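Biologist: I would like to learn how to read the features of a model one by one. Please give the general idea each time, then the case at hand.

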Amino acid sequence: MKMYSYQLSNFAGKCRVAAYEKGLNIEFVDPRENPGQKEYKKINPTGKVPALETDDGQLIAESEVINEYLEDKFPETPLLPSDAEGKAAVRSITRYHDLYIDPPMRACFPKLFGQDLDDQFIADKIAEVNNNLDQLEASISDGPWLAGAAFTLADAAIAPTLFLMDNLLPNFGSKKPFEGRPKLAAWWQRIQARESTKTVLGEQGAALAAMMKG
Ligand SMILES: N[C@@H](CCC(=O)N[C@@H](CS)C(=O)NCC(=O)O)C(=O)O
């Protein structure tokens with residue numbers, strides 16, 4: 001299998017966490033280098049990462065669809081509980097991530113690349129980010145993992161995004177994401193010690209350092 005991925009991308013990061021957890025043999029490719037963005041759009045019209053090319057040549061886009069596919073195809077190391085209620089609890093976190101947690105953070109990114117965004121716009125988005133993080137803090141389990149005793153797709157989804165928030169939010173005048181959120185802060189310690197997430201956070205860190213260097 002081949003996965004189109006950027007090292008810094010939080011969406012690609014959540015799929016790399018799942019792939020590393022499951023010990024899968026996947027070739028990771030940056031589509032800006034190979035096959036190049038123009039050709040990549042012929043394979044994946046949105047041009048976004050991640051996308052997974054299966055061994056049969058099917059292209060699967062959208063990070064959560066990819067992770068659910070990996071879970072269906074390689075269930076030996078499960079990242080979803082076996083019962084319907086447990087699955088729903090994990091999926092409510094992954095969906096909350098995609099629909100609510102990521103978008104207001106992402107809306108601020110153009111400012112990092114020199115785009116002149118209105119101060120009030122940034123302030124509103126940062127307020128939304130912090131409100132959503134408060135809601136996440138209120139809804140997660142007491143641990144050790146976000147949805148309870150087992151590491152799941154919920155942890156895979158949230159960790160790479162919180163890496164970006166931890167490193168980038170202060171640029172927008174926000175407090176750090178773990179400040180005043182004890183459950184998330186304790187979880188973050190565990191995330192940094194776990195092999196799959198430690199690896200992905202390291203990959204994101206190297207890519208961020210390279211980007212900042214210019
Ligand atoms: N809903 C998509 C979002 C993917 C996404 O926004 N990827 C970003 C990187 S984090 C991207 O490829 N941006 C480049 C672009 O939009 O051209 C998913 O879950 O996979």
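Predicted model: local features only at pLDDT ≥ 70, side-chain atom pairs only at ≥ 80, totals over all residues.

Biologist: Into which domains is the chain divided?

Modeller: Domain bounds come from an automatic or database domain assignment. Here domain 1 covers 2-73 and domain 2 covers 84-213. Their C-alpha centres lie 20 Å apart. The contact takes 13 residues from domain 1 and 20 residues from domain 2, where two residues are in contact if their C-beta atoms, placed from the backbone, lie within 7 Å.

Biologist: Which helices each supply at least two residues of the side of domain 1 that touches domain 2?

Modeller: Helices (H or I, at least four residues) and strands (E, at least two) are DSSP runs, numbered from the N terminus. On that side of domain 1, α1 and α3 each supply at least two residues, and α1 gives the largest share, 8 residues. By class, that side of domain 1 divides into 4 nonpolar, 4 polar and 5 charged residues. Ala, Val, Leu, Ile, Met, Phe, Trp, Tyr, Cys and Pro count as nonpolar, Asp, Glu, Lys and Arg as charged, and the others, Gly among them, as polar.

Biologist: Which residues surround the ligand?

Modeller: A residue is near a molecule if its C-beta atom, placed from the backbone, lies within 6 Å of it. The shell here consists of S9, N10, F11, G47, K48, V49, P50, E62, S63, E64 and D98. The elements giving two or more residues to this shell are α1 (10-22) and α3 (63-73). It has 3 nonpolar, 4 polar and 4 charged residues.

Biologist: How many residues does helix α5 have, and how far does α5 reach?

Modeller: The expected span of a helix is 1.5 Å times one less than its number of residues. Helix α5 (residues 119-139) has 21 residues and reaches 30 Å from its first C-alpha to its last, close to the 30 Å expected.

Biologist: Which residues of α5 are buried?

Modeller: A residue is buried if 20 or more other C-beta atoms lie within 10 Å of its own, exposed if 12 or fewer, and partly exposed in between, with C-beta atoms placed from the backbone. In α5 the buried ones are K125, V129, L133 and L136. They are on the same side of α5 because they cover an arc of only 80° around the axis, the arc being that of the directions from the helix axis to the C-beta atoms. These buried residues pack against α4 (84-112) and α7 (182-193). The face turned away from them carries the exposed residues D119, Q120, A127, N131 and A138.

Biologist: Why does Y69 count as partly exposed?

Modeller: Y69, which lies in helix α3, counts as partly exposed because it has 17 C-beta neighbours inside 10 Å. Not counting residues up to four places away in sequence, Y69 touches L52 and I60.

Biologist: Where are the cis peptide bonds and the positive phi?

Modeller: Most residues other than glycine have a negative phi, and most peptide bonds are trans. The bond from N34 to P35 is cis, with omega near 20°, and P35 lies in the loop between β2 (27-29) and α2 (37-43). Another cis bond joins G143 and P144, with omega about 5°. Phi of E62 is near 80°, a positive value in a residue other than glycine. E62 is in the loop between β4 (59-61) and α3.

Notes. Residues numbered from 1 in each chain as written.
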